[in-house]
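Biologist: This structure is new to me, and I'd like to know where its labels come from. Please show it, and then I'll start asking.

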Amino acid sequence: MTTRRHLLAGAAALSLTPVSALAAVKPVKRKAILDTMKTATRFMTDKVAFNGGYVWAYSADMKQRWGEMEAYATMIWIQPPGTATMGHVFLDAYHATGDEAYYQAATPVADGLIAAQHPSGGWHYFHDFGGAESRKRWYDTIGKNAWRLEEFQYDWGNATFDDAGTSESMQFLLRLYVEKKDERFRPALDKALNFVLESQYPIGGWPQRYPANPVSLHGHDDYTGDITFNDDVAGENIRFLIMYQQTIGDPRIADAIVRAMSVYLVTQQGQPQPGWGLQHTLDLKPAGARTYEPQALATHTTFANVRQLMDFYRLTGETKYLARIPEALDWLDSVRLPDADGKINRHPTFIELGTNKGLFVHRRGSNIVNGAYYYDYDPTFTLGHYSSFRMLDVAKLRAEYQKLKATPPEVASQDSPLKVKAPLPKYFVAAMNAGSDLNAPDKVRGVADLVKGLNKQGYWPTPLKAVSHPYSGDGSATPAPSDFRTTRVGDETDTSPFVTDKPAIGISTSAYIDNMAKLIAALDGAK
């Protein structure tokens with residue numbers, strides 16, 4: 001998952017889609033929008049929710065369900081767009097309508113997240129209310145055989161910052177607590193704050209997982225304790241700390257934020273490769289992660305970190321955060337792939353340390369037992385599930401930097417939440433990245449279409465593009481005859497999700513979230 005939003009965009013500056021773009025030709029009456037929102041929400045809370053939580057997708061008969069992978073009926077998914085995202089939508093709808101029913105829809109979400117909270121204070125990708133035996137059975141079957149989803153192949157037994165599950169959960173709990181100061185949510189919220197503060201390294205970054213439980217997978221060293229930038233781990237934690245300081249306050253937070261921002265400075269590599277990796281070791285060197293994430297510099301991470309440094313200048317007015325941005329931008333330009341028309345800003349995802357050559361990731365075999373990932377300099381037949389290429393508009397980012405550099409520090413930071421006390425924004429969900437959900441809507445639907453498209457049961461029928469092979473036993477040591485080099489999934493024993501060309505119609509949490517955001521946006525212009 002890429003960075004979901006700017007640090008300072010927060011939810012305050014997340015621009016809702018213009019009503020004119022959603023309402024098509026004929027305006028939709030406010031009552032019709034409100035009725036649609038209420039009906040769709042009632043279906044999700046009354047028919048879909050389990051112990052206050054949600055997964056990503058459900059078959060129409062509710063007999064099958066998926067998060068990033070196939071899920072048991074006793075599971076809820078924490079990883080976005082999951083349970084906490086739904087809580088954010090309910091609060092957004094509450095702010096847009098004033099209807100108490102939406103606040104009441106949000107409180108069971110909090111109860112589910114509190115029940116799922118790890119003793120350390122963070123969250124895992126999912127929670128299984130079926131208990132330890134059910135969770136072990138899932139890991140020994142479905143999780144173990146997901147060839148490409150190595151993070152699910154073993155149960156670390158701790159909490160994770162990966163894929164924003166922990167950050168979104170604690171941000172939602174904070175929003176909910178601040179709404180009415182209901183003290184029953186405060187212990188879990190403060191437990192989450194302690195988790196963020198205790199897991200932070202003295203130098204300022206965070207590991208991917210905490211508490212530490214090093215595990216070697218596929219002969220590789222454990223990477224979950226490295227300083228992690230991938231999936232915006234540091235940025236999301238900084239966001240939460242700022243939100244907490246804005247609303248409640250804690251004397252420990254100011255120093256934690258400064259150290260968190262400083263880690264971006266000390267991990268930027270020196271010339272001639274002034275970029276960043278997905279992760280860095282505690283001695284600040286780029287590190288590898290999953291077997292298809294080699295020890296290398298990452299162009300998309302470098303691009304994202306430059307944007308973060310610009311946000312840090314807007315937060316603090318301190319020019320040190322801008323000082324080495326030109327080096328990073330020049331380096332990105334230097335490793336850009338040649339293009340025939342000169343219009344495509346295409347970069348290799350990974351750049352080899354020391355040579356500046358692009359590294360391209362491949363695989364052989366057909367499942368986790370007989371298959372393996374490897375990388376070389378050949379840009380052909382690369383992975384279908386993890387791109388070896390990134391589209392990065394460095395020129396646009398450079399122009400933004402030049403404009404910001406010319407802005408006096410006191411002007412750039414005049415609205416900083418570190419300097420100006422302000423309430424939390426009303427809306428959080430609009431324009432947020434849908435994460436890893438392959439069922440996320442891929443077309444814009446007008447408000448009239450959304451109102452008419454809700455079926456009699458109360459949900460928007462959605463083609464479930466993401467499917468997976470059910471567990472049928474561990475993979476064979478002999479590769480299947482087909483070519484799986486560029487596919488999302490391997491043979492029929494691979495439980496990883498893939499995109500089908502014959503999707504069944506079902507219920508999508510992403511579709512509900514996306515459609516509700518559009519309807520909320522349309523309310524301002526509806527009569």
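Modeller: Let's start with M62, which sits in the loop between β1 (57-59) and β2 (65-66). Helices here are DSSP runs of H or I with at least four residues, strands are runs of E with at least two, and both are numbered from the N terminus. This is a predicted model, so local features need pLDDT of at least 70 and side-chain atom pairs count only at pLDDT 80 or more, while totals for chains, interfaces and linings use all residues. Residues are numbered from 1 along each chain as its sequence is written, and side-chain values use heavy atoms, with hydrogens and water left out.

Biologist: Why is M62 called partly exposed?

Modeller: Its relative accessibility is 22%. Buried means under 20% relative accessible area and exposed means over 50%, with partly exposed in between (1.4 Å probe, protein chains only). So M62, at 22%, counts as partly exposed.

Biologist: And what makes the phi of M62 worth a remark?

Modeller: M62 isn't a glycine, yet its phi is positive, near 65°. Most residues other than glycine have a negative phi. K181 is another such residue, with a positive phi of about 55°. You'll find K181 in the loop between α6 (165-180) and α7 (186-199). With a relative accessible area of 45%, K181 is therefore partly exposed as well.

Biologist: Which peptide bond at P81 is cis, and how do you know?

Modeller: The bond from P80 to P81 is, with omega near 5°. P81 lies in the loop between β3 (75-77) and α3. There's also a cis bond joining Q271 and P272, where omega is about 10°, and P272 is in the loop between α9 (253-267) and β8 (279-280). Most peptide bonds are trans.

Biologist: Which residues of α3 meet α6?

Modeller: A84, T85, G87, H88, L91, D92, Y94 and H95 do, and their partners in α6 include F172, R175, E179 and K180. Contact means heavy atoms within 4.5 Å.

Biologist: What makes Y94 buried?

Modeller: Y94 is in helix α3 (residues 83-97). Its 13% relative accessibility puts it under the 20% limit, so Y94 counts as buried. Leaving aside neighbours within four places in sequence, Y94 is in contact with D99, E100, Y102, Y103, E179 and K180.

Biologist: What about α2 and α15, at what angle do they cross?

Modeller: Helix α2 (residues 30-48) and helix α15 (residues 509-523) cross at roughly 155°, with axes that come within 10 Å. An angle of that kind makes α2 roughly antiparallel to α15. This crossing is left-handed too. The residues of the contact divide into 11 nonpolar, three polar and one charged. Ala, Val, Leu, Ile, Met, Phe, Trp, Tyr, Cys and Pro count as nonpolar, Asp, Glu, Lys and Arg as charged, and the others, Gly among them, as polar.

Biologist: How do you know that T291 and E150 make a polar contact?

Modeller: Their side chains are joined at 2.3 Å. The limit is 3.5 Å for a pair of N or O atoms; within protein, one must be able to donate a hydrogen and the other to accept it, and residues adjacent in sequence count only if both atoms are side-chain atoms. T291 sits in the loop between β9 (286-287) and β10 (297-298), and at 10% relative accessible area it is buried.

Biologist: Last one: why is T299 called buried?

Modeller: T299 has 0% relative accessibility, so it counts as buried. It's in helix α10 (residues 299-316), and its side chain reaches the backbone oxygen of P348 at 2.7 Å. Among the residues that T299 touches, not counting those up to four places away in sequence, are W331, H347, R390 and L392.

Definitions and conventions: Axes fitted to C-alpha atoms, helices over the stretch in contact; angles between N-to-C directions. Parallel < 35°, antiparallel > 145°, perpendicular 65-115°, else oblique. Left-handed = near helix turned anticlockwise from the far one by under 90°.
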